[in-house]
Structure formats: structure tokens, C-alpha cells
Amino acid sequence: MAVLLPVTAAAQMPAGASTPTSPKSLAKDLLPASYATKVGFTKVVIKVTTSSKTGEKSCPNGAQEEFENASGQSGLASEVLACTSSKAAAALLSGVRSGTSATSATPPKQLGSSAIERSSGSSTYDIYWQRGKTLEVVALNTNVPASTSSTNPTVAAPPITSAQQKVLSKVAVEQDSLLR
């Protein structure tokens with residue numbers, strides 16, 4: 001899996017915008033490895049990484065991590081971006097909304113009215129939501145191991161199952177509980 005948030009045109013930092021949360025402090029808002037293990041993703045593919053260069057001027061700081069299930073056929077990712085303002089986070093979320101495909105699933109109500117569930121690619125299902133200046137995302141890849149970047153183009157990706165959908169929703173709610 002690659003970075004989950006699609007890179008949009010870099011927005012200018014709004015006048016009077018505050019400095020966002022430091023990248024290292026965002027690590028605490030990511031899904032704990034123990035919870036990933038609990039829901040079946042036992043292998044850490046990418047340990048917690050933080051950056052102050054996300055490619056988004058108005059959301060410069062981020063953290064992410066990725067896991068894989070025991071069979072190596074599904075991946076789970078957790079990501080957090082700290083923006084300079086809640087308006088910047090909303091703008092980035094709006095870009096995601098217009099740049100990805102909607103799914104038929106509804107994100108958990110606990111994530112608030114900003115939450116959206118999207119499909120990026122044929123086998124990755126994402127839930128995005130905003131909390132103030134923070135944009136969070138969790139993603140479930142149903143076909144390609146998180147640790148590889150190539151796929152067999154002749155094999156159609158399976159759609160998300162109801163069990164996988166439940167895991168994705170649970171993971172989003174768990175990650176959200178860390179931010180509050």
C-alpha cells in the first residue's frame with residue numbers, strides 16, 4: 001500500500017494559520033499494533049513513520065503505519081494528517097471526496113458527519129474523517145499484500161466482504177477514540 005491520501009494541488013497556507021501538531025506527536029493517534037493483531041493483521045509491514053513533508057502545504061505533518069494479515073493477502077493502513085486549520089483539513093477531505101469513488105457502505109456514526117467511505121483502486125476501501133485540524137484515514141486492501149507493489153492485472157480484485165467491512169469500521173472507531 002502506498003500513501004493513502006491522494007495528492008491534491010498543494011494549497012497555500014492560509015494567512016494567520018497556526019502551526020500544526022508535530023509529526024512525532026501524531027504517532028499516538030495511529031491504530032495500536034495490538035489492536036491490529038486483535039482484528040487479524042498480525043504482521044507490521046511499515047512501522048510507525050512520521051513526516052513533516054506530506055506534500056500538502058496546509059497539512060504538512062503526518063504519521064502512518066501498515067499491517068498485513070497472516071496469509072499476506074490483505075493489508076490494513078492507519079494514517080493521520082495534522083493541518084494548519086480546520087478549514088485546511090476540510091479542503092483536503094473535499095479533495096478526497098471528489099477524487100475517489102464512493103462505496104455503498106456508510107461510515108460509522110461515531111466518526112461524525114465529515115466521515116466518508118471511499119474506494120481507491122479496485123481493492124482498497126478507505127474511511128476518512130476530520131476532527132478539528134486533523135484528518136484521519138484507515139484503509140483495508142482486500143487483494144494485494146501491503147508489502148508488495150505489483151499485482152496480477154488478469155486477476156479481478158474481490159469486493160469487500162461484510163466481515164471485512166465490519167473490521168474496517170471497527171478499526172476506524174478505535175483509531176478515532178485515540179484522538180479524542
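Which residues of the largest nonpolar core touch the most other members? In this predicted model, they are Phe41, Leu76, Ile127, Trp129, Val138 and Val171, out of 18 residues in that core. A nonpolar core here is a set of buried Ala, Val, Leu, Ile, Met, Phe, Trp, Tyr and Cys residues joined through side-chain atoms within 4.5 Å; buried means under 20% relative accessible area, exposed over 50%, and partly exposed in between, with a 1.4 Å probe and protein chains only. At least two residues of this core come from each of α2, β6, β7 and α4, and α4 gives the most, with 4 residues. (Helices are DSSP runs of H or I with at least four residues, strands are runs of E with at least two, and both are numbered from the N terminus.) A second, separate core has 12 residues, among them Ala89, Leu92, Leu93 and Val137.

A word on the ground rules. Because the model is predicted, local features need pLDDT of at least 70 and side-chain atom pairs count only at pLDDT 80 or more, while totals for chains, interfaces and linings use all residues. Residues are numbered from 1 along each chain as its sequence is written, and side-chain values use heavy atoms, with hydrogens and water left out.

Back to α4, which covers residues 162–179. Buried residues of α4 include Val167, Leu168, Val171, Ala172 and Gln175. The buried residues of this helix pack against α2 (33–38), β3 (75–82), β5 (116–119), β6 (124–131) and β7 (134–141). Val138 shows some of that packing: beyond four places in sequence, its contacts (heavy atoms within 4.5 Å) include Leu168, Val171, Ala172 and Gln175, as well as Ile127 and Trp129. Leu179, also in α4, is partly exposed at 22% relative accessible area, and away from its sequence neighbours it is in contact with Asp29, Arg131, Thr134 and Glu136.

How many salt bridges does a search of the whole structure find? The count is 3, taking a salt bridge as a side-chain nitrogen of Lys or Arg within 4 Å of a carboxyl oxygen of Asp or Glu. Arg131 pairs with Asp176, with the closest N and O atoms 2.8 Å apart. This pair ties strand β6 to helix α4 across 45 residues; Arg131 is partly exposed at 23% relative accessibility, whereas Asp176 is buried at 3%. Glu68 and Lys43 meet at 3.7 Å, N to O, linking strands β2 and β1 across 25 residues. Glu68 is buried at 5%, and Lys43 is partly exposed at 42%. In the Asp29–Lys28 bridge, at 3.4 Å, Asp29 is buried at 3% but Lys28 is exposed at 58%.

Asp126, in strand β6, is a different story: this residue is buried yet has no salt bridge, and the nearest side chain of opposite charge, Arg118, is 7.5 Å away.

Finally, the structure holds 1 disulfide, defined as a pair of cysteine sulfur atoms within 2.5 Å. The link joins Cys59 to Cys83, S to S 2.0 Å, and is right-handed, with 95 degrees about the S-S bond. Cys59 lies in the loop between β1 (43–51) and β2 (61–68), and Cys83 in the loop between β3 and α3 (86–99), 24 residues apart. Both Cys59 and Cys83 are buried.

Conventions. Lys, Arg positive; Asp, Glu negative; His and termini not counted.
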